[in-house]
Amino acid sequence: RKMSKEFALDTALIFAANGIKAYIFESLRPTPELSFAVRELKATAGVVITASHNPPQYNGYKVYWTDGGQIVYPYDKLIIDEINKIQDYSSIKKIGIKEAQDKGLVNFIGEEIDEKFINAVKNTVINFEAIKATSKDLKIVYTPLNGTGYMLVTRVLKELGFKNVYTVEEQSEPNGNFPTLKYPNPEDPDAFKLALRLAKKVDADIVLATDPDADRLGVYAKDTNGVYMAFTGNMSGLLIAEYEFSQRRERGLMPENGTMVTTIVSSDMAFDIAKEYGLEIKEVLTGFKYIGEQIKLFEKNGKNKFLFGFEESYGCLVGEHSRDKDAVVAVTKLCEAAAYYKTKSLTLCEQMRNIYKKYGYYIETLRSVTLSGADGAKKIANVMDRFRNVPPNKIGGQNVVAKRDYMTGVRTDIRTGKEERIELPKSNVLYYELLNGWCCLRPSGTEPKIKFYFGI
């Protein structure tokens, strides 16, 4: 992203001027490594300058708290309150880099944290034998989409022994202008154009793209007919979950209190998978910060052991080394799964079909409507108000059987009129349970969009 280095240094120097010791990475790193580093360095908080997968004109400032998770209430409100108190930018204290370093208040870090982070990711691997058995045959095409993923993703795959990893050259170097992309998002099929071209050239088994801050993973896999099939975020998340849990059960590695965490707009198949493996499942609001928060709560209550979390928007986490979605570990687990299924003469596409046969054919989709500016914000608010005040009786020809309003925190059964509390934080989200599926709508938290989610 443009000016990220400068903004990061400014942040560190402002901390230093206020007597707060800061560590700063010497160069770009994936966002999940920041989450890891906060806990590794026993820091109070962490900041990453990123606009993730949003269009090139954006940059952003994302804050993490002591547990390594993104800030949630009340810390988000407290920080905004402090920002709003600032009347004059000249009142913000800042010192020079030399003074900050002389006082030991700014410290550059890099390789040592990389090493620990990579080791934590490699520790999630269960099936080294499958990787070894297929390392010369499995072909992987990877693109970091001109973001932060190249250095660590290619390193972890190499250290695990994957021999045939082909990187999209035009998209391997970090570049905030994203010269080959209109929208650097692995959810967008256009982002895969160069990777798929390379995949056809080298006859790759799987094609992987990490978004610019390397916390989301997009996947294509070659089917038996040679055609590359796109996986949604739900599909790749469910495939990793099924692989992880089946391998754990087979090897006696499943804890008694194992728990899976998903979001209200992700695939309902997650509940079937959890049931199959005797896991508890927790459903949280949209946004991986709520999944990360659960890990902290599990540690406090001592009743649950976090095994896997995922959301439909291409983010997942295996293990507890990070408290945010992590595309480095997602790539690792996806490649491990591909290696394992290759030893069974299965492509990932065939395995995905096996999963549907086992649990039922679930399909989900998302439609986003962009409404920019003040008028757009007003229109989005009007849409939410209209659905809230005059809820539909039918959606897509199906009767609405229950309505959940996360703003009021109430679920209403349409057939009986019975109301019950929703034990989740208040949020401007409406959810309709249908006879055979669901629909959910919410304004985007990062872009001028309203999002409509569907599942059947």
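Colleague: What stands opposite T259 in β12?

Modeller: F306 stands opposite T259. This is a predicted model: local features need pLDDT of at least 70, side-chain atom pairs count only at pLDDT 80 or more, while totals for chains, interfaces and linings use all residues. Residues are numbered from 1 along each chain as its sequence is written, and side-chain values use heavy atoms, without hydrogens and water.

Colleague: Why are strand β10 and strand β12 said to pair?

Modeller: Two strands pair if DSSP finds at least two bridges between them. Strands are DSSP runs of E, at least two residues; helices are runs of H or I, at least four; both are numbered from the N terminus. β10 (residues 258-263) and β12 (residues 305-311) have 4 bridges, in the parallel sense, so they pair.

Colleague: How do you know where helix α9 lies?

Modeller: By contact, meaning heavy atoms within 4.5 Å. Helix α9 (residues 233-250) lies across β10, β12 and β13, at about 160° to β12. Angles run from 0 to 180 degrees between N-to-C directions, with axes fitted to C-alpha atoms, for helices over the stretch in contact. Helix α11 (residues 288-301) packs on the sheet too, touching β10, β11, β12 and β13, at about 175° to β12.

Colleague: What is the strand order in the open sheet?

Modeller: β11-β10-β12-β13, with mixed pairing. The edge strands are β11 (280-284) and β13 (315-318), each pairing on one side only.

Colleague: Why is F15 called partly exposed?

Modeller: Buried means under 20% relative accessible area, exposed over 50%, partly exposed in between (1.4 Å probe, protein chains only). F15 has 30%, so it counts as partly exposed. F15 is in helix α1 (residues 4-17).
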